[in-house]
Amino acid sequence: MPQFLIRFVRLILVKLDHSDKLNLLFYSSVLLNYTFSLKHYLPQLDSLKAFEAAARHLSFSMAADELCISKGAISYQIRKLEERS
C-alpha cells in the first residue's frame, strides 16, 4: 500500500469511533483491491500507442519510425494486445 495512503488513513482513524474505523478500513481495502485488479484488465499504454500508430499509418515500419522503436517492437506490442482479447 502506498505510504501517502497509509498516512491519510491514520489521520482519519484518529478522528473516528470504533465502528466507523472498521467501516473505513473495510471499504478502503475493497477499493484498493479493485484498483490494483484493474491493472490486469487494462492494456499497457505502450501497446495502445503502437496499435494506434500502426492503424493510422497502415504500416508497422512507419509506426516504428514515428515512435522511434523497431518494427519488431511494434509487432510485439500488437501481439500483446491480441493475446489479451
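Accessible areas here come from the Shrake-Rupley method with a 1.4 Å probe, and for residues only the protein chains shown count as cover. By that method the protein exposes about 6800 Å². Carbon and sulfur atoms supply 63% of this area.

Two notes before you start. This is a predicted model: local features need pLDDT of at least 70, side-chain atom pairs count only at pLDDT 80 or more, and totals for chains, interfaces and linings use all residues. Residues are numbered from 1 along each chain as its sequence is written, and side-chain values use heavy atoms, with hydrogens and water left out.

**Stop 1: the whole chain**

Show the cartoon. You will see five helices and zero strands, in the order α-α-α-α-α from the N terminus. Helices (H or I, at least four residues) and strands (E, at least two) are DSSP runs, numbered from the N terminus. Now colour by burial. Buried means under 20% relative accessible area, exposed over 50%, and partly exposed in between (1.4 Å probe, protein chains only). Of the 85 residues, 18% count as buried. Next, contacts, meaning heavy atoms within 4.5 Å. Among those between residues at least 6 apart in sequence, 44% join residues at least 24 apart.

**Stop 2: the core**

Select Ala-50, Ala-53, Ala-54, Ala-63, Ala-64, Ile-74 and Ile-78. These seven residues make up the largest nonpolar core. Such a core is a set of buried Ala, Val, Leu, Ile, Met, Phe, Trp, Tyr and Cys residues joined through side-chain atoms within 4.5 Å. Helices α3 (45-57), α4 (60-67) and α5 (71-84) each give two or more residues to this core. The largest share, three residues, comes from α3. In soluble globular proteins, nonpolar side chains tend to be buried together.

Centre on Ala-54. Leaving aside neighbours within four places in sequence, Ala-54 is in contact with Ser-59, Phe-60, Ala-63, Ile-74 and Ile-78.

**Stop 3: helix α5**

Select 71-84, the span of α5. This helix has 14 residues and reaches 20 Å from its first C-alpha to its last. That is close to the 20 Å expected at 1.5 Å a residue, where the expected span is 1.5 Å times one less than the number of residues.

Show side chains. Ile-74, Gln-77, Ile-78 and Leu-81 of α5 are buried. They lie on the same side of α5 because they cover an arc of only 90° around the axis. The arc is that of the directions from the helix axis to the C-beta atoms. What covers these buried residues includes α3 and α4. Turn to the other side of α5: Glu-82 and Glu-83 are exposed there.

**Stop 4: the salt bridges**

A salt bridge is a side-chain nitrogen of Lys or Arg within 4 Å of a carboxyl oxygen of Asp or Glu. By this rule the count comes to two.

Select Arg-56 and Glu-52. Their side chains meet in a salt bridge at 2.6 Å, N to O. The two are four residues apart in helix α3, so about one helical turn separates them.

Keep Glu-52, Arg-56 and Glu-66 on screen; they are linked in a network of salt bridges. Glu-52 counts as partly exposed at 39% relative accessibility. Glu-66 counts as partly exposed at 37%.
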